[in-house]
Amino acid sequence: FFSAPSADPSLCEMLRAIALAACLGSAAALSMEQSLYPGRFGDIVFTSEPTSDESCHLVMVGVGKAAGPSSMPETSLAPLAAHIVGALPTAFPGAMPEVATRVAAAASALLTIVVEGVTLADVAALPHLSQIVSEGHAVRLEPAFAPRDRVSAAVSRMTGTTPADHGIASKAWIDGKTGELVAAFSAGRDESAARVAAVSDVVAQSSAGRALILSLSSDTQLAAAAGTHPSLARDAGASWPAAVVSYDADTRSLKPAQLGSSLAESIFAVSHEQALAALRAVVPAELAQLDTAQAEVAALVAELGGFLVILQRLSADTAVAPLLADRQADLVTLSLAALAPLKANAQAVQLVDAALPQLLAAFSRVWGDKARAQIVLTPADADVAVAAVEGWTVVGAHAFAHAASEVSKLAGCDKFAVALEGSMTTAHCLVKNNRRRLYEEAGAVTYTSDQLELFQVTLWASILLVVVLLAATCTLYNMEVTQDSLLFSKGKND
């Protein structure tokens, strides 16, 4: 190239154009959003068109009806919660939502109540919840992932990331290495489930273990998703004052599934009788006469009444008093998962409606006037009833192929498509998805989102530098060689 007697001007123009395109192209590639399908997703994903009343909303309690944004991404809840409790919002990739300016930071505590199975369309029939919404501000939450799964949605809200980063697309999946069904959060698998720090981890870490973190739900996985994850903090996480409380269906009682060494187990162990007595003390008698022999009703009573009992014990415990009285904000999450299967039970829904103001009042009595609360109204998981075909396993809204052959997978995709023809459910075959780089197949290399981003930066930066170097070399080679007017000028004789 350099020994050529002359260079083609059109070649230089082409190189300059390529250099400009590389600059613009590299910027576009770096800003491109990662695929929403992470590892642990099926070969087929089933989705159904949501109805207009299936939106998820955040109700900011007691902030008034001033003008504000009507929607925000579901992933904005994590930086918003961090802002309210005075933690580090920049620990999350999402931008701070506009509604953050309407909530005073450095609250004494933040309570988040997630009501599964109730949407904003149902509020009109619920007088107490309707009053809470009228005195607060409701914001529509844009979903981070489809199809919606309540465990995946909870992790997205807590981590401020999509499943492409936190890696949980559903409550369970088929392990690509062992072929076994694995729950998102199960005993002994916290390290594999928790890939990204949640807001509870950030608050606990930034407070050096001085913040009380409490997560309660009858759904073990929802309780774990909103709690702390010691595997991300190594040895320090075991000593944090954090409690993950879930429901034991065999004994019909609440038990701590995870407990910091500085907390007493007796505070968080609540029997069915204790929870029922606490609930009957604050709601009308006719609403408390539910048939607690039903498993779902007993779980709902445990969530509502058990939370009241735990709050009473926290305020009376002298060992916990310093945690409640310090200037470090605490984080409390109550996920009412037992209501979703009881949505058709009008008495159960009215019971939750009557209990919500009592829960908020009890929370304020423990943490004072500076405590803040928010309610997440979210629809129940869509019931995607898809019958499995031979050679496939259906888990929720995902289908996993037994054979690794691409031909058999494509054949299975065709079978599901034919079976679902004419229904409201659509089968998305992901066999040929070029972005399936995070899938955990046996013997395959697994890459994290950070590694993929670093690869993209290195690749496009290298290409850009090479093209710019070639363009500069071509330009220098084609410069006209003439004598410099200053160096070769002749002086005038006076």
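Tutor: Gladly. Four strands make up an open sheet in the order S13-S14-S1-S15, with antiparallel pairing. Keep in mind that this is a predicted model.

Student: What makes S13 and S15 the edges of this sheet?

Tutor: S13 and strand S15 (425-429) each have a single partner strand, so one side of each is left without a neighbour in the sheet. On average, neighbouring strands here are turned by 25° against each other, direction ignored.

Student: How do you know that S1 and S14 pair?

Tutor: Pairing takes at least two bridges between the strands. Strand S1 (residues 44-48) and strand S14 (residues 398-401) are joined by two bridges and run antiparallel. Ile44, for instance, has Ala399 in S14 as its bridge partner.

Student: What is the strand order in the sheet of nine strands?

Tutor: That open sheet runs S3-S5-S2-S12-S4-S11-S8-S9-S10, and its pairing is mixed. Strand S3 (71-73) and strand S10 (253-259) are the edge strands, each pairing on one side only. Its neighbouring strands are turned by 20° against each other on average, direction ignored.

Student: What makes S4 and S8 partners of S11?

Tutor: Again the bridges are set against the cut-off of at least two. Strand S4 (residues 109-116) pairs with S11 in the parallel sense over seven bridges, and strand S8 (residues 213-217) is joined to S11 (residues 330-336) by five bridges, also running parallel. Leu331 of S11 is the bridge partner of Leu110, and Ile213 stands opposite Leu331 as well. Further along, Leu216 has Leu334 in S11 as its bridge partner.

Student: Why is S11 called largely enclosed?

Tutor: Buried means under 20% relative accessible area. Seven of the seven residues of S11 are buried, so the strand is largely enclosed by the rest of the structure. Asp330, Val332, Leu334 and Leu336 point one way, Leu331, Thr333 and Ser335 point the other way, and all are buried.

Student: Why does Arg150 count as buried?

Tutor: Arg150 has 16% relative accessibility, and the limit for buried is under 20%, so Arg150 counts as buried. This residue is found in helix H4 (residues 150-159). Leaving aside residues up to four places away in sequence, Arg150 touches Glu116, Asp219, Leu222, Ala337, Ala340 and Asp381.

Student: What makes the approach of Arg150 to Asp219 a polar contact?

Tutor: The cut-off for such a pair of N or O atoms is within 3.5 Å. The side chains of Arg150 and Asp219 make their polar contact at 2.8 Å. The Arg150 side chain also reaches the backbone oxygen of Ala337, at 3.4 Å.

Student: How many aromatic pairs does the ring rule give?

Tutor: The count comes to two aromatic pairs. In one, the ring centres of Phe363 and Trp367 are 4.9 Å apart with their planes at 35°. Planes under 30 degrees apart would be stacked and those over 60 edge-to-face, so this pair is tilted. Both Phe363 and Trp367 are buried. They lie four residues apart in helix H13 (residues 346-367), which means about one helical turn separates them.

Student: Why is the Trp392 and Phe416 pair called edge-to-face?

Tutor: The planes of Trp392 and Phe416 stand at 85° and their ring centres are 5.6 Å apart. Trp392 and Phe416 are both buried.

Student: Why are H3 and H13 called oblique to each other?

Tutor: The axes of H3 and H13 cross at roughly 45° and come within 7 Å. Roughly parallel needs an angle under 35 degrees, and roughly perpendicular needs 65 to 115; H3 and H13 are therefore oblique. Pro127, His128, Leu129 and Ile132 of H3 make the contact with Gln350, Asp353, Ala354, Leu356, Pro357 and Leu360 of H13.

Student: Which strands does helix H3 touch?

Tutor: Helix H3 (residues 127-134) packs on the sheet and touches strand S2 (56-60), strand S5 (137-142) and strand S12 (372-378). The direction of H3 makes about 120° with that of S12.

Terms used. Residues are numbered from 1 along each chain as its sequence is written. This is a predicted model: local features need pLDDT of at least 70, side-chain atom pairs count only at pLDDT 80 or more; totals for chains, interfaces and linings use all residues. Side-chain values use heavy atoms; hydrogens and water are left out. Axes are lines fitted to C-alpha atoms, for helices over the stretch in contact, and angles run from 0 to 180 degrees between N-to-C directions. Contact means heavy atoms within 4.5 Å. Buried means under 20% relative accessible area, exposed over 50%, partly exposed in between (1.4 Å probe, protein chains only). A polar contact is a pair of N or O atoms within 3.5 Å; within protein, one must be able to donate a hydrogen and the other to accept it, and residues adjacent in sequence count only if both atoms are side-chain atoms. Rings of Phe, Tyr and Trp (its six-membered ring) pair if their centres lie within 6.5 Å; planes under 30 degrees apart count as stacked, over 60 as edge-to-face and the rest as tilted. Angles under 35 degrees count as roughly parallel, over 145 as roughly antiparallel, 65 to 115 as roughly perpendicular and the rest as oblique.
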